[in-house]
Amino acid sequence: VQLQASGGGLVQAGGSLRLSCAVSGRTFTGITMAWFRQAPGKEREFVVGIRWSDNTKTYATAVKGRFSVSRDNAKSSLYLQMNSLKPEDTAVYYCALTPRSHIIFSQLGVSSSYNYWGQGTQVTVSS
């Protein structure tokens, strides 16, 4: 299983970016996926998770209302639309996947729940 993240870049505060994560090596069904991010000198933190079994989505408080996750089954891709970006959103963004579709809600934001990770894409928000 391979995850390829893309779409990062440099944007001014208040701007938008759309990240993509292309999945290959398995079917795009019966899974749970998430986006995490890691800023310099900080631990990796959860951004958003989406569970295929019931389309449950959960967002970190810091991004709720500004970020939106979606998927395209035909393209085996996960997306993260990021609006109203802030300098504190600057980080490397990683997509992650677990082949478990019924992961319990409390585990959606736990990095160890995920078996496969993309290489990360840098997002830099200037003030």
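Trainee: How many bridges join strand β1 to β3, and do the two run parallel or antiparallel?

Mentor: This is a predicted model, and in it strand β1 (residues 2-6) and β3 run antiparallel, joined by 5 bridges. To read such a pairing, pick a residue and look for its partner. Take L3: its bridge partner in β3 is V23.

Trainee: Which other strand pairs with β3?

Mentor: Strand β8 (residues 77-82) does, also in the antiparallel sense, over 6 bridges. Here R18 stands opposite Q81 in β8.

Trainee: How many disulfides does a search of the whole structure find?

Mentor: The search finds 1. A pair of cysteine sulfur atoms counts when they lie within 2.5 Å. The sulfur atoms of C21 and C95 are 2.1 Å apart, and these residues form the disulfide. The pair links distant parts of the chain, with C21 in strand β3 (residues 17-24) and C95 in strand β9 (residues 91-98), 74 residues apart.

Trainee: Why is the disulfide of C21 and C95 called right-handed?

Mentor: Look at the torsion about the S-S bond. For C21 and C95 it is about 70 degrees, so the disulfide is right-handed.

Trainee: Are C21 and C95 buried or exposed?

Mentor: Both C21 and C95 are buried.

Trainee: What should I look for in phi?

Mentor: Most residues other than glycine have a negative phi. In this model, N55 has a positive value, near 60 degrees. N55 lies in the loop between β5 (45-51) and β6 (56-59). S76 also has a positive phi, near 50 degrees, and is found in the loop between β7 (67-72) and β8.

Trainee: Which of these two residues is buried, and which is partly exposed?

Mentor: Compare the relative accessible area with the cut-off: under 20% is buried, and over 50% is exposed. S76 has 17%, so S76 is buried. N55 has 36%, so N55 is partly exposed.

Trainee: Where does V123 lie, and what is its relative accessible area?

Mentor: V123 lies in strand β11 (residues 121-126). Its relative accessible area is 0%, so V123 is buried.

Trainee: Which residues is V123 in contact with, leaving aside its neighbours within four places in sequence?

Mentor: The contacts of V123 include L17 and L19, as well as M82, T90 and Y93. V123 and T90 are 33 residues apart along the chain, and 5.4 Å separates their C-alpha atoms.

Key:
Residues numbered from 1 in each chain as written. Predicted model: local features only at pLDDT ≥ 70, side-chain atom pairs only at ≥ 80, totals over all residues. Heavy atoms only, no water. Helix = DSSP H or I, 4+ residues; strand = E, 2+ residues; numbered from the N terminus. Buried < 20%, exposed > 50% of the residue type's maximum accessible area, 1.4 Å probe, protein only. Pairing = 2+ DSSP bridges. Contact = heavy atoms within 4.5 Å.
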